[in-house]
Amino acid sequence: MNFPDDADGDVLRRLDESGFDFSKPTTIDFNIDFVSWPPHPDAISKLKEFSGAVEIYEPDEEYSGYVLFNIHQILSYELVIETQENVTSFMAEYGGVCESWGVLS
C-alpha cells in the first residue's frame with residue numbers, strides 16, 4: 001500500500017508492515033487536546049453528538065489532559081485526515097485540536 005509521506009502515513013505504513021488488516025472495520029481512537037483545561041462543557045456536548053461517547057483524561061504529572069473518542073470503520077488515510085480536520089474545525093472555538101489517533105492491532 002502507498003501512503004503519503006507524513007506522520008499519519010508513517011503510522012499507516014507501520015501498521016501495514018505489522019500485518020494490520022485494512023479490509024475490516026476497526027476501532028480508531030482519536031485524541032483532542034485543548035489549550036486550556038478543563039474543556040468547555042459545550043465542547044464535550046458537541047463531541048458526544050458527533051461520536052456518541054467520549055472519555056475525559058484529566059491532566060497528571062506526565063500529560064496534559066485530553067478527550068478521547070472513537071469510531072468504528074475501515075481505517076484509511078482519508079478517514080483519518082477527514083476526521084481530524086472536521087473535529088479540529090468544530091472544536092476550534094473551544095481551543096481544541098485533533099492531531100493524534102491510534103488503533104489497537
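Helices here are DSSP runs of H or I spanning at least four residues, numbered from the N terminus. The model is predicted.

Begin by selecting helix H3, residues 77–91, and within it glutamine 84. With a relative accessibility of 8%, glutamine 84 falls under the 20% limit and therefore counts as buried. Next, display its surroundings: beyond the neighbours within four places in sequence, glutamine 84 makes contact with Asp8, Phe30, Cys98, Glu99, Ser100 and Trp101. At serine 100, look for the backbone nitrogen, which lies 3.5 Å from a polar atom of the glutamine 84 side chain. For a sense of scale, select histidine 40, 44 residues away along the chain; its C-alpha atom is 19 Å from that of glutamine 84.

Now turn to the aromatic rings. The whole structure contains seven aromatic pairs. Select phenylalanine 50 and phenylalanine 69: their ring centres are 5.6 Å apart and their planes meet at 85°, so the pair is edge-to-face. Because phenylalanine 50 belongs to helix H2 (residues 41–51) and phenylalanine 69 to strand S3 (residues 66–74), this pair ties together parts 19 residues apart in sequence. Phenylalanine 50 is partly exposed, at 38% relative accessible area, whereas phenylalanine 69 is buried, at 0%.

Move on to tyrosine 57 and tyrosine 66, whose ring centres are 4.8 Å apart with planes at 10°, so this pair is stacked. Tyrosine 57 is partly exposed, with a relative accessible area of 33%, and tyrosine 66 is also partly exposed, at 22%.

Finally, select Phe30, Phe50, Phe69 and Phe90 together; ring pairs join them into a cluster.

Conventions
Residues are numbered from 1 along each chain as its sequence is written. This is a predicted model: local features need pLDDT of at least 70, side-chain atom pairs count only at pLDDT 80 or more; totals for chains, interfaces and linings use all residues. Side-chain values use heavy atoms; hydrogens and water are left out. Helices (H or I, at least four residues) and strands (E, at least two) are DSSP runs, numbered from the N terminus. Buried means under 20% relative accessible area, exposed over 50%, partly exposed in between (1.4 Å probe, protein chains only). Contact means heavy atoms within 4.5 Å. A polar contact is a pair of N or O atoms within 3.5 Å; within protein, one must be able to donate a hydrogen and the other to accept it, and residues adjacent in sequence count only if both atoms are side-chain atoms. Rings of Phe, Tyr and Trp (its six-membered ring) pair if their centres lie within 6.5 Å; planes under 30 degrees apart count as stacked, over 60 as edge-to-face and the rest as tilted.
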